[in-house]
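Thanks for coming. Please have a look at the sequence and the structure before I go on.

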Amino acid sequence: MKLSTSIAFALCLNLATTGVFANDEEDDSGFSFDDKLASCAACHGENGDKPLAPDYPILAGQYGDYLEAALKDYRSGRRKNPIMSMQVEMLKLTDGDIEKLAAYFSSKKGLKNLGE
Ligand code: HEC
């Protein structure tokens, strides 16, 4: 009895923690963080290092602060680009999203992966 209680407790704990940190839950925008990331990946590549078109920037390995500032500038309209403004608006990127996306892409290896 005692054993099964602790197993049940462990399961609950596990569910609770994955719930808090899961990236696949939708927020108010109707998109989860994973959905947002998948959208970026469509144009910039899964790791931000394989852009869809030659004039799409490589995000991998850029400074997180820079990526964060760029995304906030698209959101505020300070930096104008129809494609990126639409992304930021459509996905309703929050400050938290922007920080996570910037951290994700800046942690990737950058130009080293090109040409593979
Ligand atoms: C439909 C294609 C497309 C999608 C989807 C897209 N981007 Fe972009 N992104 C672009 C293009 C094109 C530019 C260059 C715009 C410019 O010149 O300002 C760009 C520019 C950027 C920049 C500025 C990079 C630099 O070097 O200055 C960042 C940061 C960025 N995108 C992040 C993202 C993130 C994060 C997502 C997902 C939320 C995303 N993009 C989704 C096409 C896309």
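Predicted model: local features only at pLDDT ≥ 70, side-chain atom pairs only at ≥ 80, totals over all residues.

With that, the overall layout. The chain has five helices and zero strands. Going along the sequence, the pattern reads α-α-α-α-α. Of the 116 residues in the chain, 14% count as buried. Now the contacts in the chain with a separation of 6 or more: residues 24 or more positions apart account for 61% of them.

Next, the ligand. Which helix gives the largest share of the shell around the ligand? That is α2, with six residues. At least two residues of the shell come from each of α2, which is 33-44, α3, which is 64-76, and α4, which is 82-90. There are 19 residues around the ligand, and those that come nearest are C40, C43, P57, A70 and N81. How does the shell divide by class? It has 13 nonpolar residues, five polar and one charged.

Now to α3 again, this time for its packing. Two packed helices are described by the angle between their axes and by the distance between the axes. For α3 and α5, the latter being residues 95-106, the angle is about 140 degrees and the axes are 8 Å apart. Angles over 145 would count as roughly antiparallel. The two helices α3 and α5 are therefore oblique to each other. Their crossing is right-handed. On the α3 side, the contact is made by G64, L67, E68, L71 and K72. On the α5 side, the residues are I98, E99, L101, A102, A103, F105 and S106. Sorted by class, the residues of this contact are seven nonpolar, two polar and three charged.

A22 sits between α1, which is 2-21, and α2. Is A22 buried or exposed? A22 has 11, so A22 is exposed. From A22 to F33 is eleven residues along the chain, and their C-alpha atoms are separated by 8.8 Å.

To recap: five helices and zero strands, a ligand shell to which α2 gives the largest share, and a right-handed crossing of α3 and α5. That is what I have for today.

Definitions and conventions: Residues numbered from 1 in each chain as written. Near = placed C-beta within 6 Å. Helix = DSSP H or I, 4+ residues; strand = E, 2+ residues; numbered from the N terminus. Nonpolar A, V, L, I, M, F, W, Y, C, P; charged D, E, K, R; others polar. Buried ≥ 20, exposed ≤ 12 C-beta atoms within 10 Å, placed from the backbone. Contact = placed C-beta atoms within 7 Å. Axes fitted to C-alpha atoms, helices over the stretch in contact; angles between N-to-C directions. Parallel < 35°, antiparallel > 145°, perpendicular 65-115°, else oblique. Left-handed = near helix turned anticlockwise from the far one by under 90°.
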